[in-house]
Amino acid sequence: MVAVPVTPRLYRHPHGISAVDAEYLYPGHAAAHIIEDGGRAAFVDVGTNFSVPYLLAALAELGIAPEAVDYVLLTHVHLDHAGGAGALLESLPNARALVHPRGAPHMIDPQKLIAGSKVVYGAERFARLYGELVPIPAERVAVVADGERVKLGARTLELLHTPGHALHHYVVVDAAHSSIFAGDTFGISYRALDTARGAFIFPTTPPTQFDPAQLIASIDRMLSFRPESIYLMHFSRVTGVPQLGESLKARVRELAAIAGAHREDADPALGIRADLQRAWLAAAHEHGCRQSAAELARFLAGDLDLNTQGLMVWLQREKRA
Ligand SMILES: [Zn+2]
């Protein structure tokens, strides 16, 4: 691969933590994180194949040699988080990918993942968003148990299985620095929607494993650590965690209620999306977001679509149960 020089959008946070924009969809949408301790480093989530040059440029800007990266922690195997892992590992000679037991087979042989994602995105959009997935050699994948601890330099990271967004999800707890890397389990909070009241947060419920009860339990499990900061893939650091946690759980319940209300509709997706958009726009307005209703509807359209699709799958699963 010929390296094209790129300029990473790098955000430096406390405690040796940095975020680099994965340049997925648009700037400010997805952040990969780099943790550095005692000359060793780890990535938490990586974005797609197209993110890899930005991640390597970020390492260079931070003065971290590729050889110093011990881990690529993949919170889950959704492709905006893990799609670039195989390609990235080719440039990190000492790193292993740490993956949930349910996700690991799909990183080694991504065929099912590709097929599943094509159902959600369509073949053409899939190619544009994710390119050709590079399988990770099995010997470079380590499966993580719930509660497993890994050492990075002098710090200990604890990995917790957190179903709800996906069954193959774990989060990374850095208790000594009162930080948790949440992947998608603690929802989405775009910095563009920050106001004087703080961050605006909402759950992400794409197909196919959203489960409201599991998600609320996983959020509570994270809150029990009383973290000062939570690092989200979409988009990076949030503080004021107790309040955000309550708001997020309320929105999970709201999503489930909206889906339930349209269960018997001829076309539930239509009603779900409309109600969801109405609820989010009202909440964003109340939060003091400066964007107009039309701007917000456009800005949130992708998340509204994905959440609606995931709620539809959840309703169908509930029906079968
Ligand atoms: Zn996800």
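Student: Which residues are the protein donors of the zinc ion?
Tutor: They are His76 (NE2), His78 (ND1), His165 (NE2) and Asp184 (OD), lying 2.1 to 2.3 Å from the zinc ion, where donors are N, O and S atoms within 2.8 Å of the metal (3.2 Å for Na, K and Ca), and since water is not among the atoms, sites may look incomplete. This is a predicted model, in which local features need pLDDT of at least 70 and side-chain atom pairs count only at pLDDT 80 or more, while totals for chains, interfaces and linings use all residues. Residues are numbered from 1 along each chain as its sequence is written, and side-chain values use heavy atoms, with hydrogens and water left out.

Student: Why is the arrangement around the zinc ion irregular?
Tutor: The four donor atoms subtend angles of 88 to 172° around the zinc ion, which makes the arrangement irregular. Four donors count as tetrahedral if all angles lie between 85 and 135 degrees; four count as square planar and six as octahedral if opposite donors are over 155 degrees apart and all others between 65 and 115, and anything else is irregular.

Student: What spacing do the donors follow along the chain?
Tutor: The donors of the zinc ion follow H-x1-H-x86-H-x18-D.

Student: And His76 and His78, buried or exposed?
Tutor: Both His76 and His78 are buried, meaning under 20% relative accessible area, with exposed being over 50% and partly exposed in between (1.4 Å probe, protein chains only).

Student: New topic: in what order do the strands of the open sheet come?
Tutor: Seven strands form it in the order β1-β2-β3-β4-β5-β6-β7, with mixed pairing; strands (E, at least two residues) and helices (H or I, at least four) are DSSP runs numbered from the N terminus, and two strands pair if DSSP finds at least two bridges between them. β1 (10-13) and β7 (141-143) stand at the edges with a single partner strand each, so one side of each lacks a neighbour in the sheet.

Student: How do β3 and β4 run, parallel or antiparallel?
Tutor: Strand β3 (residues 31-37) and strand β4 (residues 40-44) run antiparallel and are joined by five bridges, with Glu36 standing opposite Ala41 in β4. By contrast, β5 (residues 69-73) and β6 (residues 96-99) pair in the parallel sense over three bridges, and there Val72 stands opposite Ala97 in β6.

Student: What about the largest nonpolar core, how many residues has it?
Tutor: The largest nonpolar core has 46 residues, and those with the most contacts inside it are Phe186, Ile230, Leu300 and Leu311; such a core is a set of buried Ala, Val, Leu, Ile, Met, Phe, Trp, Tyr and Cys residues joined through side-chain atoms within 4.5 Å. The largest share of this core, eight residues, comes from α8.

Student: What does Leu311 touch?
Tutor: Not counting residues up to four places away in sequence, Leu311 touches Thr205, Phe210, Leu255, Ala259, Ile272 and Leu276, contact meaning heavy atoms within 4.5 Å.

Student: Last one: where are the cis peptide bonds?
Tutor: One joins Pro207 and Thr208, with omega about 10°, and Thr208 lies in the loop between β11 and α7. Another joins His234 and Phe235, with omega about 0°, and Phe235 is found in the loop between β12 and β13 (236-238).
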